[in-house]
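Subject: Structure handover

Hello,

Here is the structure for you to take over.

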Amino acid sequence: MDIDAWVWWLIGAVGLGIPLVMTAMPEFGMFAVGAVAAAVVAALGGGIVAQVLVFVVVSVALIAVVRPIAARHRNDRPQLATGIDALKGRQAVVLERVDSSGGRIKLAGEIWSARTLDEGQSFDPGQQVDVVDIDGATAVVM
């Protein structure tokens, strides 16, 4: 049984797709696309040299173009602040006088113990303060 070259290229593309799924390495997907392009050349009657050349050119071009774009998008996505990091920088309302020894604020709908960042500073009930840090279960405000 004689199998056409384009079938072998498609088998190779599927073979390259398996490690793509198993390892999540996009380079395998780019090689698989190169193999599909070589299969198209083989189906159109191109010789083995043309098939290999198309496979190499398409694969290298995809790696050279797509990888830097993907890396840039991976590094540029916004960081999601969670937990206490999400509370830093938010505003709160003073419920009980806050000074360097303590007090109470309403932060994100919850009541927190708080203290001021500076020793001589104090805030009266009703004032808005900015949360600069969370120290244990105490919000540090200014």
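The notes below cover the cores, a few residues and the aromatic pairs.

This is a predicted model, in which local features need pLDDT of at least 70 and side-chain atom pairs count only at pLDDT 80 or more, while totals for chains, interfaces and linings use all residues. Residues are numbered from 1 along each chain as its sequence is written, and side-chain values use heavy atoms, with hydrogens and water left out.

Nonpolar cores

A nonpolar core here is a set of buried Ala, Val, Leu, Ile, Met, Phe, Trp, Tyr and Cys residues joined through side-chain atoms within 4.5 Å. Buried means under 20% relative accessible area, exposed over 50%, and partly exposed in between (1.4 Å probe, protein chains only). The largest core has 14 residues, and those touching the most other members are Ile105, Leu107, Val131, Ala139 and Val141. Two or more residues each come from strands S1 (91-99), S2 (102-107), S3 (110-116), S4 and S5 (138-141). Helices (H or I, at least four residues) and strands (E, at least two) are DSSP runs, numbered from the N terminus. A separate core of 8 residues includes Ala13, Ala38, Ala39 and Phe55.

Residues in the strands

Isoleucine 134 is part of strand S4 (residues 128-135) and counts as buried because its relative accessibility is 7%. Leaving out residues up to four places away in sequence, its contacts (heavy atoms within 4.5 Å) are Ile84, Leu87, Lys88, Leu107, Trp112 and Ala139. Alanine 64 is 70 residues from isoleucine 134 in sequence and 45 Å from it in space, C-alpha to C-alpha.

Threonine 116, in strand S3, is buried at 2% relative accessible area. Its side chain reaches the backbone oxygen of glutamine 121 at 3.5 Å. Beyond its neighbours within four places in sequence, threonine 116 is in contact with residues including Val98, Asp99, Phe123 and Val141.

Aromatic pairs

Rings of Phe, Tyr and Trp (its six-membered ring) pair if their centres lie within 6.5 Å; planes under 30 degrees apart count as stacked, over 60 as edge-to-face and the rest as tilted. The count by this rule is 2 aromatic pairs. One of them joins tryptophan 9 and phenylalanine 55, tilted, at 5.4 Å centre to centre with 35° between the planes. Tryptophan 9 lies in helix H1 (residues 5-23) and phenylalanine 55 in helix H3 (residues 48-76), so this pair ties together parts 46 residues apart in sequence. Tryptophan 9 is buried, with a relative accessible area of 16%. Ring pairs link Trp9, Phe31 and Phe55 into a cluster.

Regards

Terms used. A polar contact is a pair of N or O atoms within 3.5 Å; within protein, one must be able to donate a hydrogen and the other to accept it, and residues adjacent in sequence count only if both atoms are side-chain atoms.
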